[in-house]
Amino acid sequence: MHHSDVILVLVVGMALAFDFTNGFHDTANVVATSISTRALPPRVAVAIAAVLNFVGAFVSLKVAAIVAKGIVHAGSVTTTIVFAGLIGAIAWNLVTWFFGLPSSSSHALIGGVVGATIAAHGTKAVIGEGVVGNVLIPAVIAPVLAFVVAAIGIIIAYRMVGRLRPGRVSRAYRLGQIVSGGLLALAHGTNDAQKTMGVMTLALAANGNISETAGVPTWVKLTAASAIALGTYSGGWRIIKTMGTRIIKMDSAQGFAAQGAGATVILTASHFGYPLSTTHVISGGVMGAGAAKRLSAVKWGVAGNIALAWLLTLPAAGGVGALVYGVTQIFGSGAAGPLVVTIACVGLIAMLFLRRAQGAEPAAVTVAE
Amino acid sequence: MTRLAVLVDVKALLKVVWISLVAGVGVIAAFSLVVLATTRAGDLRRSDRTGAAVLYGFLAALGVAGCAFALWRGYLYVVQK
């Protein structure tokens, strides 16, 4: 086996590991509102989300195409760059999961790849227009849009059902949440699973296994969809708690409005190929549904922490991506560097999970279940 | 502004904004209509006001149709390559 094939195998492994952490990290986006309003039992909500994420991954491939071709010049990408970018993204996902912060897996991935590319070739290898037009501007617009849609929606909903008996209304919106939550999971699959597909396609093209203009191979679609579904089923309870109860204490109508707003924004953006952050969108929807009822209903301190994590995502993942690329180059251009980094990462991740397992049961589990 | 227009596909971005606004608010309003109309229809039926109950039943059906249409359109919209 040639050393470049060894690196490709490591990249595919890391891409699927990232996809797993993406599902694990973003379960909260999809199920937190349904769980906190008791529309669905936690395990059922997570299982439905996992299945619909799998289905959603096959629905559209526009986002995968943008990630593979619209962020960095495909010709300057090597498998080692993709590898380093993935490590940057996984590292940021694990750090934010550890602190229970709902940050963007998508931006972590894009940040990681851009950082590693800059470390290897300088800024000329990055498609500036692509990053600004496809990532940064939608990143600002999407959460604001979800905020506005959820806020207007909940104002209309309260006007319509405000004088009815609360018990009946809650039951009805809980039923609605089962559908809106399902749509959200589908939307998540259409947007997020594709980013990993895009990166795997980029690595295959960089290694010469497929042409730069080729589409996403079927085995890539299948493995990426499975990894995100498995990650979703594993569930990131710490972030579920933050999303479900720490930003606002929501009722089922607010939950429905937040999910409805989130699903429409993500599905529409996916149609146009914008790889936006589902985390940003859902958080915006949750805040909008809360703020429209009462501005003080939103815990702005928690919202501020989340916003800070959003701002740090691209540079932090990019920094780790660049650093990892630099470390791999110490061992030459062969497979030794990526192998050493992989072993170190697996050791670190095992230690992190062991520490978490030895500690107290996450508070979110007791709250949610 | 011109520089921004070069960097961003403003037309596509504006489409994302207005479609999300109309579809998102529309679905929430349509489902709220279903909740309102079914609850009112039940109350009116219990108090033997059948005519008004039928009218609210019709409104509820309209709301359900609106939600189903939005879901179907949304799905078609996403699968279009």
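1. How many residues does helix α7 of chain A have, and how far does α7 reach from its first C-alpha to its last? In this predicted model, α7 covers residues 166-206 of chain A, which is 41 residues, and its end C-alpha atoms are 58 Å apart. At 1.5 Å a residue, 60 Å would be expected, and the value is close to that. The helix still has a kink of about 30°, centred on A:Gly189. Most of α7(A) is covered, with 32 of its 41 residues buried. After the helix comes A:Gly208, which has a positive phi near 85°.

2. One residue of α7 in chain A is A:Ile178. Beyond its neighbours within four places in sequence, A:Ile178 is in contact with A:Ala39 and A:Leu40. Its C-alpha atom is 40 Å from that of A:Leu8, a residue 170 places away along the chain.

3. Helix α6 of chain A, residues 128-161, can be checked in the same manner. Its 34 residues should span 50 Å at 1.5 Å a residue, and the end C-alpha atoms are 48 Å apart, so the two values agree. There is a bend of about 40° in α6(A), at A:Pro138.

4. Chain A as a whole has 14 helices and zero strands. Its 369 residues would give a radius of gyration near 21 Å if they formed a compact globule; the value for chain A is 20 Å, which agrees. Along the principal axes, the C-alpha atoms fill a box of roughly 70 × 45 × 35 Å. Of the residues of chain A, 61% count as buried. Among contacts between residues at least 6 apart in sequence, 89% join residues at least 24 apart.

5. Two loop residues deserve a look at their backbone angles. Most residues other than glycine have a negative phi. A:Arg38 is not a glycine, yet its phi is positive, near 60°. A:Arg38 sits in the loop between α1 (3-36) and α2 (42-59) of chain A, and it is partly exposed, with 13 other C-beta atoms within 10 Å. In chain B, B:Asp48 also is not a glycine and has a positive phi of about 60°. B:Asp48 belongs to the loop between α2 and α3 of chain B. With 7 other C-beta atoms within 10 Å, B:Asp48 is exposed.

6. Where do the two chains meet? The contacts involve 28 residues of chain B and 36 residues of chain A. On the side of chain B that touches chain A, the elements giving two or more residues are α2 (10-46) and α3 (50-79) of chain B. The largest share, 20 residues, comes from α2(B). By class, this side of chain B has 21 nonpolar, five polar and two charged residues.

7. A last point concerns confidence. The predictor gives the complex an ipTM of 0.88 and a pTM of 0.79. Chain B has a mean pLDDT of 85, and 85% of its residues reach 70 or more. Within chain B, confidence is highest in α2(B), at a mean of 91, and lowest in helix α1 (residues 2-7), at 56. Where pLDDT is low, the predicted coordinates should not be read in detail.

How values were computed: Residues numbered from 1 in each chain as written. Chains lettered and ligands numbered in written order. Predicted model: local features only at pLDDT ≥ 70, side-chain atom pairs only at ≥ 80, totals over all residues. Contact = placed C-beta atoms within 7 Å. Helix = DSSP H or I, 4+ residues; strand = E, 2+ residues; numbered from the N terminus. Nonpolar A, V, L, I, M, F, W, Y, C, P; charged D, E, K, R; others polar. Expected span 1.5 Å × (residues − 1). Bend = angle between axes of the 7 residues up to and from the residue. Buried ≥ 20, exposed ≤ 12 C-beta atoms within 10 Å, placed from the backbone. Rg over C-alpha atoms; globule rule 2.2 N^0.38 Å. pLDDT = per-residue confidence, 0-100.
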